[in-house]
Amino acid sequence: MSYVIRSFDPSSDVLCLLRFFNAQERLDGDPNPSTEDHVRSQMNWRGHDPARDRWVIEHPDDPHSITGHAWIFTQTPHRAAYKVAVHPAWQRQGLGSALLPYVLHRAEEIGVREIVSGCDAADRAAVGFLEHHGFQPRSSNWFLTLPAAAPIPDPVWPPAYTVCRYAEVNDLAALVEVLNRCFHDLPGHAENEPGVITVESLAARIGKTHIPEDMFLVFADSTPVGVCVLRRHGRADNHSGIDILDQPGIVPEHRDQNLYLPLALTVLHWQRQHSDRDVMLEAYGESEAVIASYQALGFQLESRFIEYGRAIGRAAGIKYY
């Protein structure tokens with residue numbers, strides 16, 4: 001079969017990519033299909049240059065259609081996330097394997113030590129693809145939804161703990177510290193590399209991916225020990241059609257106080273005051289016990305993704321071309 005792999009062109013390929021996404025979403029029965037705004041927002045991902053970090057396979061009979069697509073973005077100085085996807089009508093013809101070397105080569109250019117990708121645990125073809133190419137499971141990523149009409153109880157906080165919106169505190173150094181401490185030991189989470197969040201890097205995200213009035217901090221006395229970020233549709237680079245609740249994070253020495261639930265409920269009550277949309281809870285590297293507690297609140301498990309990873313570099317035995 002003759003096909004052309006080329007770099008993605010942000011000026012002309014966005015609508016082609018949207019049609020590609022929508023074809024997959026129709027087969028999956030996705031209730032929130034991608035929109036043009038959603039696709040365009042991906043062009044502004046932090047750590048991502050779409051002209052250098054995306055590739056497409058042109059349809060052999062129509063250069064304006066896409067049969068395959070891949071992307072990569074830098075999560076931390078040492079790790080990048082990637083995805084390879086092939087149109088359902090063109091799968092099992094080696095196109096995914098043809099795209100992967102472009103991703104791996106770019107990862108080495110960037111200088112990361114590891115590349116990771118998540119796939120639905122129920123998707124045996126995707127699991128087989130990753131394992132065939134030397135990827136190994138690292139962690140579980142969870143995606144749960146709560147309908148807008150679902151009842152939610154009031155939060156009950158243990159004594160000595162308080163919560164407030166970040167806009168009321170406006171302490172960037174405290175936010176940096178709590179983000180690093182809450183997620184440093186959760187594999188799969190973007191912040192799980194100690195010290196990856198700095199005052200400088202976070203300052204650039206405030207008002208963009210992190211909206212101060214939609215961020216909550218938990219304090220034990222005057223020490224920040226928890227954080228949770230809400231990304232409402234149309235704000236914080238979220239154009240998914242659903243509000244997103246980034247997983248509540250608690251520093252390790254306070255996790256036995258069951259602070260996850262009152263923190264999640266506090267943010268959910270805030271969301272209900274400002275939105276009538278369903279909520280998607282995204283949790284990376286979280287334990288099954290904590291996920292079960294969210295399900296007890298009424299969250300429904302949409303999918304569990306297994307995050308796979310492998311080392312990068314010629315020392316890891318990768319042959320690109």
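This briefing describes selected helices, loops and individual residues of the structure shown above. The model is a predicted one. Helix H8, covering residues 260–274, packs against helix H9, covering residues 288–297, and 11 of the 15 residues of H8 are buried. Helix H1, covering residues 14–28, also has buried residues, and what covers them includes one helix, H2, and the strands E2, E3 and E4.

**Helix H8**

- Helix H8 contains 15 residues and spans 22 Å from its first C-alpha to its last, which is close to the 21 Å expected at 1.5 Å a residue.
- Because 11 of its 15 residues are buried, H8 is largely enclosed by the rest of the structure.
- The buried residues of H8 are Tyr260, Leu261, Pro262, Leu263, Ala264, Leu265, Thr266, Val267, Leu268, Trp270 and Gln271.
- Thr266, a residue of helix H8, has a relative accessible area of 14%, so it falls under the 20% limit for a buried residue.
- Apart from neighbours within four places in sequence, Thr266 is in contact with Pro155, Trp157, Val163 and Phe216.
- Between Thr266 and Asp120 there are 30 Å in space, C-alpha to C-alpha, and the two are 146 residues apart in sequence.

**Packing of H8 with H9**

- The axes of H8 and H9 lie 10 Å apart and form an angle of about 45 degrees.
- That angle makes H8 oblique to H9.
- The two helices, H8 and H9, cross in a right-handed sense.
- On the H8 side, Tyr260, Leu261, Ala264 and Leu265 take part in the contact, and they meet Val290, Ser293, Tyr294 and Leu297 of H9.
- Sorted by class, the residues in this contact between H8 and H9 are 7 nonpolar and 1 polar, with no charged residues.

**Helix H1**

- Helix H1 has 15 residues, and its reach of 21 Å from first C-alpha to last is close to the 21 Å expected at 1.5 Å a residue.
- Buried residues in H1 are Val14, Cys16, Leu17, Leu18, Phe20, Phe21, Asn22, Ala23, Gln24 and Glu25.
- The cover over these buried residues of H1 includes helix H2 (36–42), strand E2 (54–59), strand E3 (62–76) and strand E4 (79–86).
- Gly29 follows H1 and has a positive phi, near 65 degrees.

**Residues other than glycine with positive phi**

- Arg92 is not a glycine, although its phi is positive at about 65 degrees.
- Arg92 is placed in the loop between E4 and helix H4 (95–110).
- With a relative accessibility of 80%, Arg92 is over the 50% limit and therefore counts as exposed.
- Asp221 is likewise a residue other than glycine with a positive phi, near 60 degrees.
- The loop between strand E8 (215–220) and strand E9 (223–231) holds Asp221.
- Asp221 is exposed, and its relative accessible area is 66%.

**Buried residues and their contacts**

- His254 is located in the loop between strand E11 (249–250) and H8.
- Although it lies in a loop, His254 is buried, with a relative accessible area of 18%.
- Leaving out neighbours within four places in sequence, the contacts of His254 are Tyr161, Ala220, Val225 and Leu259.
- Pro50 belongs to helix H3 and is buried, with a relative accessible area of 10%.
- Residues up to four places away in sequence aside, Pro50 touches Phe8, Pro10 and Met43.
- Pro50 and Trp71 are 21 residues apart along the chain, and 7.9 Å separates their C-alpha atoms.

**Residues described by distance**

- Asn44 is in the loop between H2 and helix H3 (50–53) and counts as exposed at 59% relative accessibility.
- A distance of 24 Å separates the C-alpha atoms of Asn44 and Pro31, which are 13 residues apart along the chain.
- Thr223 is part of strand E9 and counts as partly exposed at 38% relative accessibility.
- From C-alpha to C-alpha, Thr223 and Gly68 are 48 Å apart in space, and in sequence they are 155 residues apart.

Definitions and conventions. Residues numbered from 1 in each chain as written. Predicted model: local features only at pLDDT ≥ 70, side-chain atom pairs only at ≥ 80, totals over all residues. Heavy atoms only, no water. Axes fitted to C-alpha atoms, helices over the stretch in contact; angles between N-to-C directions. Helix = DSSP H or I, 4+ residues; strand = E, 2+ residues; numbered from the N terminus. Parallel < 35°, antiparallel > 145°, perpendicular 65-115°, else oblique. Left-handed = near helix turned anticlockwise from the far one by under 90°. Contact = heavy atoms within 4.5 Å. Nonpolar A, V, L, I, M, F, W, Y, C, P; charged D, E, K, R; others polar. Expected span 1.5 Å × (residues − 1). Buried < 20%, exposed > 50% of the residue type's maximum accessible area, 1.4 Å probe, protein only.
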